[in-house]
Amino acid sequence: MAALSMPRSPAEAPHLGRLQRWMQACMMANGPVESAVETPAAVKEFPASQAPGLIRASRTLAPLERLDIYRGMYDLRLVEALRVDYPGLLKFLGEKTFEELARLYIASCPPESYTLNRLGDRLPDFLSQVDGIHRPGFVEALARLELAETFVFDEEESPVAAMESFGGLSEDQWGRLRLTPIRALRLLRLNYPAHEFMQAIRRDEALPSLRPRRTHLIVHRREYGLFHLSLSAPAFALFQALAERAPLDEAMQSMFDAGGGSQKQVFEWFRQWFSERLFSSVEIY
Amino acid sequence: MANRWGLPDLGFGIGLRTVHFPHILAERPVMDWFEILSENFMDTGGRPAYVLDQVVERYPVVMHGVSMSVGSTDPVNFEYLKKLKQLARRTKARWISDHLCWTGVSGLNTHDLLPMPYTDESLRHVAGRVKIIADYLERPVFLENPSTYLEFSESTWNEWDFLAELTERTGCGILLDVNNVYVSSFNHGFDPFDYVDRIPVDRVVQIHLAGHTNKGTHILDTHSDHVVDDVWQLYRRVYQRMGGIATLLEWDEAIPSFDTVHAEALKAGNYRTAPEQEARDGRAIHAA
Ligand SMILES: [Fe+2]
């Protein structure tokens, strides 16, 4: 593979590189096209006075009008991708506010990946830093939930372990159990029950109250459908410790530290979690 | 008139789209082949991957991407190519295509198919990258002519000559999007028949057809409607020059039912007519 040892660097097409950096800078700049060609990133490549000369006029459009077509499509495409990933936020904020925030986000975190799937990964962090958002705590919780849902949607399938796989264990073996969750699962600690809002939207029901409430959530996928499972703080501490590879006796200690739980409850929770198909393997160390 | 790789005319296919998943799984429609948008399946192990595996079992699949960015002056993205190669194995892809364009620079991605200046510098640059990519993928690269909305003043080549020269220099092939030829011809004021008449016949492995949106001052390649008659006439000309080539109908906005999209693709069969046959049909009409 001799070709691989000769990477094509920007230095090999210096003028092309300049033109591409210029066009991209114009596309990513906010405001009208006339000011886009005056932004520092664009002017670094070509002075604004030269901008119209870089593009041919058509029968019907001036050079900068043609550039503006690409600017409009950039905006539309990315905002649309965020709308698809964050339908709850869109519903809560309304079209106008959502699109304004989406544009601010895109300007602040322009896409780096080849896939649009991960365009919104930094949106929850971004929203937590924006001033003037209505109900900022709820908005952030909702954004974190919707981001978790996108990860769960795309994760690989895992094998599913059955509860019978550890029937008849001694107490010592029981303490050394290690349970691995399926991959299509995320754990969320939120200050608002954002999942109740999402469920209401999906079922087209009346929207629930938006009062803060400490919420411990498992977001998971089963037969390609998304589910939320709300847990008590001790149950969540137990699951989280197991997900972090702790053996059951240590995980139960985390559960007690979180203020509750008993062996009987653990057994009941396991019964539920296994029936929800949340684990992919059971091992004894 | 076969292409130089001996790749088959797969018949009339459509793009595999999420809204049609339930219909395809439930009805298993009779269908020549599907084209998938590579990026929609590269990073998911969820439902899209499951549906894809079902489709691959029953239909020939071709991969079409939008992020290869062969024209970019950024370094080649081997992480992307690795995933592309893995997906090609999983789908038993008959071939892989992308576009003659760039999508981003300086580590960013605009997620648009951006126009190249058609210059000697661009040609050298793209040719070098196409060879690297084809070596890595261990298969030929097929590039589609994009719809463009601007031309750079510095261009010294026509798009069709640039593309033809690129195939000579690199051994790459062409996915000829007949609608894109039409859209760009409207936007830039050239004769679309000149374009298709100058494309090297043995390099074309696939055709794209689609609808578009005429904004009056320019046409946008929206894939949002039926194919217009001017584009069908151009398709007929391509057939008369090149013979039967795997033909794919793209519909990406306001997507109608599977059957409507499929029926639109099958219309292409009506335009696969030889010049002699047209003359005969013409006489028959006069006689009647
Ligand atoms: Fe196309």
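**Entry 1: the largest cavity, chain A**

I began with the lining of the largest cavity, which by class holds 8 nonpolar, no polar and no charged residues. For these classes, Ala, Val, Leu, Ile, Met, Phe, Trp, Tyr, Cys and Pro count as nonpolar, Asp, Glu, Lys and Arg as charged, and the others, Gly among them, as polar.

A note for my own bookkeeping: this is a predicted model, where local features need pLDDT of at least 70 and side-chain atom pairs count only at pLDDT 80 or more, while totals for chains, interfaces and linings use all residues. Residues are numbered from 1 along each chain as its sequence is written, chains are lettered from A and ligands numbered from 1 in the order in which they are written, and side-chain values use heavy atoms, with hydrogens and water left out.

I also wrote down what the words mean. On a 1 Å grid over the protein atoms alone, a cavity is a set of points where a 1.4 Å probe fits but cannot get out; a pocket is an open set with protein on both sides within 12 Å along at least five of seven lines; lining residues have an atom within 4 Å of a point. Grid points are joined across faces, edges and corners, and a volume is the space filled by probe spheres set on the points.

How many cavities of 30 Å³ or more are there? I found 3 of them. The largest has about 40 Å³ of space. Its lining is made by Leu82(A), Leu89(A), Leu93(A), Phe98(A), Leu101(A), Ala102(A), Leu123(A) and Leu127(A). Two or more lining residues come from each of helix 6 (87–93), helix 7 (95–108) and helix 8 (123–129) of chain A. Helix 7 of chain A gives the most, with 3 residues. Helices (H or I, at least four residues) and strands (E, at least two) are DSSP runs, numbered from the N terminus.

**Entry 2: the sheet in chain A**

Next I looked at an open sheet of 3 strands in chain A, with the order 2-3-4 and antiparallel pairing. Two strands pair if DSSP finds at least two bridges between them. Which strands are at the edges? Strand 2 (185–190) and strand 4 (225–231) of chain A are, as each pairs on one side only.

Strand 2 and strand 3 (residues 215–222) of chain A share 6 bridges, and I spotted Arg189(A) opposite His216(A) in strand 3. Strand 3 and strand 4 of chain A are joined by 7 bridges; here Ile218(A) has Leu229(A) as its bridge partner. These two strands form a hairpin with 2 residues between them, and Glu223(A) in the turn has a positive phi of about 45 degrees.

Helix 9 (residues 136–154) of chain A lies across strands 2, 3 and 4 of chain A, at about 175 degrees to strand 2. For such angles, axes are lines fitted to C-alpha atoms (for helices over the stretch in contact, meaning heavy atoms within 4.5 Å), and angles run from 0 to 180 degrees between N-to-C directions.

**Entry 3: the barrel in chain B**

In chain B I followed 8 strands that close into a barrel in the order 1-2-3-4-5-6-7-10, with parallel pairing. Neighbouring strands there are turned by 30 degrees against each other on average, direction ignored. Helix 4 (residues 78–91) of chain B packs on this sheet, touching strand 2 (34–37), strand 3 (61–64) and strand 4 (96–99) of chain B, and its direction makes about 170 degrees with that of strand 3.

Strand 5 (residues 142–144) and strand 6 (residues 173–177) of chain B pair over 3 bridges in the parallel sense. Leu143(B) stands opposite Ile174(B) in strand 6.

**Entry 4: the second largest pocket**

This pocket has about 400 Å³ of space. Its lining has 21 residues, and the closest to its centre are Glu156(A), Met42(B), Asp43(B), Thr44(B) and Gly45(B). Helix 9 of chain A, together with helix 2 (39–42) and helix 4 of chain B, each give two or more lining residues. Which helix gives the most? Helix 4 of chain B does, with 5 residues. By class I noted 5 nonpolar, 6 polar and 10 charged residues.

**Entry 5: Phe190(B)**

Phe190(B) lies in the loop between helix 7 (178–188) and helix 8 (192–198) of chain B. Not counting residues up to four places away in sequence, Phe190(B) touches Trp160(B), Val181(B), Ser184(B), Ser185(B) and Tyr195(B).
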